Amino acid sequence: SGKLHQHGTTETSQATLASVSPVFAVMKFDKEGNTTYFEKKKTELYQELGLQARDLRFQHVMSIATRNNRIIMRMEFLKAVITPEFLLLLDYRNLSLEHWLLSQLASQLAGEGQLVTYSLPFEFRAIEAILHYWISKLQGRLNTLQPQILETLEALVDPKLLSVDRSKLHILLQNGKSLSELETDLKVFKETILEILDEEEVIEELCLSKWTDPQVFEESASGIDHAEEMELLLENYYRQAEDLANEARELRVLIDDSESIIFINLDSHRNVMMRLNLQLTMGTFSVSLFGLIGVAFGMNLESSLEEDPRIFWLVTGIMFLGSGLIWRRLLSFLGRHLEPPLPPHVPAVLKKSQPAAGRVEIKNTLKAETFGLSRTLSNQ
């Protein structure tokens, strides 16, 4: 009775797991480009394909793997299973992905597109179509970000602006974040392909038709190396991803350089304001210093000077003249200490136009003199 109860419990648990098993919306493409749609439970699907349950556990990661003569491709939201006869796309209900599926993928798999591998077995066309779609998507993201970043930087780096537009900085911050995400996606894409290129056995396993189709096997025996074709295919898209990564890196360097220029401009304007404030402070000090004369005469002290009407103008003139002289003296002192240093003296022999051989000889001579001087100083 205990065994019967345990067996009944096991059947009940299996039935419960089967009832809650996820259902995949599947789009199927054959060699001729014909398309069919259907829904199937995960358990039924991996049993038909001869896979394990973990093989259809698609996370938002990027990987290309083989199992039981099947290629499993994970490109974040793009989930595909490739066989020598057909291509399955799971959970294809995405706006951009669905548009590509309906407009391009069927014709590419049928050999009507511009894919290089149209004369090779079906899995070559399927892999190239998916990689081409993904690299085009990354290229589109870069093409969208690049003009926005350049336009924002051009507005921010303008030296005529005394302040920085905060809205432009907010836009630049958002674009920088999107650029970082793009760089991460490109890095993961490159690492995924590079892991395959480093393993010759994996490249051989990607050639599915070589082990199932006798005609393809005979072609391989006669000198057509399908593994080499697969390696060239992967290297091509690795180079394209590397080019995109270089362009994204140049944008990142441009953003960093522009930030330095922005800080330099702000520091320059801040220095101008500080210098103006210092000049006004010195002027106030000069006026206050000679204003003590007026304070002295305003103390209601009796003297014979207040009876002369010319004394007021004389004292006022002395006050303004003395204040102006002191302010001028302070400004000249400030100018001497804030002047930029003179450029280093350039020898006259370097200014003359010399032939190439002469310039090289002069450069070598200067290097030798510098080296000898450094050795002399070190000995001393």
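The UniProt annotation "transmembrane region", from an unreviewed entry, covers residues 280–299 and 311–327. UniProt positions follow the numbering used here, feature names are shortened, and annotations may be inferred rather than shown by experiment. This is a predicted model, where local features need pLDDT of at least 70, side-chain atom pairs count only at pLDDT 80 or more, and totals for chains, interfaces and linings use all residues. Residues are numbered from 1 along each chain as its sequence is written, and side-chain values use heavy atoms, with hydrogens and water left out.

Trainee: Over residues 311–327, how far apart are the end C-alpha atoms?

Mentor: The chain there is 100% helix and 0% strand. Helices (H or I, at least four residues) and strands (E, at least two) are DSSP runs, numbered from the N terminus. The end C-alpha atoms are apart by 24 Å.

Trainee: How many salt bridges does a search of the whole structure find?

Mentor: Side chains of opposite charge can pair when their charged atoms come close. A salt bridge is a side-chain nitrogen of Lys or Arg within 4 Å of a carboxyl oxygen of Asp or Glu. The search of the whole structure finds four.

Trainee: Lys40 forms a salt bridge with Glu48. Is Lys40 buried or exposed?

Mentor: The closest N and O atoms of the pair are 2.7 Å apart. Buried means under 20% relative accessible area, exposed over 50%, partly exposed in between (1.4 Å probe, protein chains only). Glu48, at 52%, counts as exposed. Lys40 has a relative accessible area of 17%, so Lys40 is buried.

Trainee: Which residue forms a salt bridge with Asp185?

Mentor: The closest N and O atoms of this pair are 2.7 Å apart. Asp185 lies in helix H5 and its partner in helix H4 (residues 122–156), so the pair ties together parts that are 44 residues apart in sequence. Asp185 counts as buried at 14% relative accessibility.

Trainee: Arg252 forms a salt bridge with Glu183. How many residues apart in sequence are the parts that the pair ties together?

Mentor: The closest N and O atoms are 3.9 Å apart. Arg252 lies in helix H9 and Glu183 in helix H5, so the parts tied together are apart in sequence by 69 residues.

Trainee: How far apart in space are Ala245 and Thr184, C-alpha to C-alpha?

Mentor: Ala245 lies in helix H9. Ala245 is buried, with a relative accessible area of 11%. In sequence, Ala245 and Thr184 are 61 residues apart, while in space the C-alpha to C-alpha value is 9.4 Å.
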